[in-house]
Amino acid sequence: MEANYAPLWESLGLDLDAHDELLRVLGEGYSNIFLSQKDRPEGMAYFDFVMSEVHGLRIKELIDGQKEGRKVIGSFCVFVPEEIVRAADATLVGLCTGADFATDEVDKLLPRNTCALIKSAFGFKLGKVCPYIEAADLLVGENTCDGKKKSFEVLDKLVDKLYVMDIPQMKSPEGRALLKAEYARFKKAVEKLTGIVIDPARLRNGIEITNNKRRALHRLNSFRSADPAPISGLDALLANQVYFYDEPARFSESINKISDELEQRIKVGEGPFPKGTPRILMSGCPMAVPNWKVPWIVETSGAVIVGEESCVGERGTQNLTDDTGETVDELMDNILDRYFKIDCAIFTPNPDRQQHIEEMYERYNADGVIHYGLQFCQPYQFESINVEATLEKKGIPALRIDTDYSVEDVGQLKTRIEAFIERIA
Ligand code: BJ8
């Protein structure tokens with residue numbers, strides 16, 4: 001019998017009718033995009049289940065955890081150090097974004113030329129359809145791009161639990177000092193919220209839990225360099241998206257199970273697309289659930305995606321945190337070392353990202369790079385011009401796409417993507 005989560009959603013203040021409609025549209029989209037794929041690894045059944053319960057069972061687990069004293073912290077960015085959250089027995093979850101919602105209300109609050117990701121986060125809040133934002137004990141905003149930074153001033157008026165973290169814009173000693181101070185302040189805030197003092201053993205445990213999730217995804221992704229690729233880009237993206245919601249140990253175990261399967265598939269040359277299918281590296285803005293538009297177009301136009309240079313992808317999960325250290329200060333420095341390497345486009349200059357794109361292109365044996373920029377995303381749109389030019393100069397075919405969450409441009413995107421695939425085939 002299907003569980004009835006309506007009382008739970010009602011207790012969180014969700015608009016049940018709007019939420020039902022959202023789940024209906026999501027379910028339909030999911031089944032058209034994911035379930036219609038051929039030759040998926042059997043292990044993806046777990047992710048189908050997670051997605052069907054992402055607003056149900058997972059929310060119930062979080063609420064049950066809260067009853068036992070485990071706090072929930074929501075975040076919009078991979079700069080929020082999960083190690084510190086886990087060290088205090090709290091749970092870090094990604095907040096809803098990735099689809100347009102309550103757009104009329106959003107347009108009254110935010111400038112029109114705000115990126116779809118930010119608008120979407122507000123749409124989920126204003127439309128009362130995100131159980132994560134409602135269930136969270138603390139929301140962490142971060143001063144990354146100007147859009148996010150200023151939008152948190154607006155969000156602060158809508159919620160009473162917003163904490164804003166400052167983020168440097170340059171990889172300088174001063175930038176590092178700023179991030180160090182901000183992580184120390186965040187640790188204090190987490191300790192205050194949870195009533196738990198983070199000691200070295202706890203911090204080491206938080207590092208281990210978080211590293212294990214990353215390790216599992218590194219392993220899964222390593223198999224995508226094979227030809228034929230043993231998993232579609234859509235399914236791999238889904239695994240990267242679920243990373244932000246699922247219980248960590250269960251997530252790592254499920255990813256490792258799929259990886260075992262992929263290893264076998266490679267031995268017998270099996271995959272959802274035939275050997276020799278043109279291979280694409282996606283690069284650019286993060287794609288949160290249910291933003292599957294461009295990967296879906298790519299993989300229904302004769303190519304396979306073999307890597308994501310994105311925060312919902314390798315930019316978010318690359319590099320483990322060193323767990324060696326005896327004191328909290330040493331371990332906090334290790335955390336700082338790891339996060340200060342994130343090559344988000346908010347940094348200036350940001351040469352590491354260009355290098356990472358080229359390195360991923362080689363490692364995954366890609367044939368071309370599609371740069372995915374959200375309209376009005378200044379950091380990534382600015383970088384995309386140079387990324388495209390530099391790649392082309394080095395003989396790496398590149399296509400620059402600027403889009404949003406609407407479906408209006410699907411036809412036009414398909415034409416451009418098909419032409420690009422023809423060029424690299
Ligand atoms: S570390 S990429 S998750 S900031 S798409 S809101 S940049 S205008 S999401 Fe990001 Fe952290 Fe960086 Fe990663 Fe602004 Fe661009 Fe919108 Fe964006």
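**Helix pair α10/α16.** I started with helix α10 (residues 173–194) and helix α16 (residues 328–339): their axes come within 10 Å and cross at roughly 125 degrees. For the record, helices (H or I, at least four residues) and strands (E, at least two) are DSSP runs, numbered from the N terminus. Axes are lines fitted to C-alpha atoms, for helices over the stretch in contact, and angles run from 0 to 180 degrees between N-to-C directions. α10 and α16 are therefore oblique to each other; under 35 degrees counts as roughly parallel, over 145 as roughly antiparallel, 65 to 115 as roughly perpendicular, and the rest as oblique.

Contact means heavy atoms within 4.5 Å. Sorted by class, the α10/α16 contact has 8 nonpolar, no polar and 5 charged residues. The classes: Ala, Val, Leu, Ile, Met, Phe, Trp, Tyr, Cys and Pro are nonpolar, Asp, Glu, Lys and Arg are charged, and the others, Gly among them, are polar.

**Ground rules.** This is a predicted model, where local features need pLDDT of at least 70 and side-chain atom pairs count only at pLDDT 80 or more, while totals for chains, interfaces and linings use all residues. Residues are numbered from 1 along each chain as its sequence is written, and side-chain values use heavy atoms, with hydrogens and water left out.

**Sheet one.** Next I traced an open sheet of 4 strands, in the order β2-β1-β3-β4 with parallel pairing. Its edge strands are β2 and β4 (162–166), each pairing on one side only. Neighbouring strands are turned by 30 degrees against each other on average, direction ignored. Two strands pair if DSSP finds at least two bridges between them; strand β1 (residues 72–75) and strand β2 (residues 91–94) run parallel and have 4. I found Gly-74 bridged to Val-93 in β2.

Buried or exposed: which are the residues of β1? Val-72 and Gly-74 point one way, Ile-73 and Ser-75 the other, and all are buried. Buried means under 20% relative accessible area, exposed over 50%, and partly exposed in between (1.4 Å probe, protein chains only).

Then I checked helix α7 (residues 116–126) against α9: they pack at an angle of about 10 degrees with axes 11 Å apart. That makes α7 roughly parallel to α9. Among the residues in this contact are Phe-122 and Leu-126 of α7, and Val-154 and Leu-158 of α9. By class I have 7 nonpolar, 2 polar and 2 charged residues there.

I also looked up Lys-119 in α7. Lys-119 is buried, with a relative accessible area of 19%. Leaving out residues up to four places away in sequence, Lys-119 touches Val-106, Asp-107, Leu-110, Pro-111, Arg-112 and Thr-114.

**Sheet two.** Another open sheet of 4 strands has the order β6-β5-β7-β8, with parallel pairing. Here β6 (304–309) and β8 (398–403) are the edges, each pairing on one side only. The twist averages 25 degrees from one strand to the next. Strand β5 (residues 279–284) joins β6 through 5 bridges, and Ser-283 stands opposite Glu-309 in β6.

Most residues other than glycine have a negative phi, and most peptide bonds are trans. So I went looking for exceptions:

- Val-289 and Pro-290 are joined by a cis peptide bond, omega about 0 degrees; Pro-290 is in the loop between β5 and α14 (293–299).
- Thr-348 and Pro-349 also have a cis bond, omega about -15 degrees; Pro-349 is in the loop between α16 and α17 (351–363).
- Lys-128 has a positive phi, near 55 degrees, in the loop between α7 and α8 (131–135), and is partly exposed at 44% relative accessibility.
- Phe-376 has a positive phi, near 75 degrees, in the loop between β7 (368–374) and α18 (378–393), and is partly exposed at 45%.
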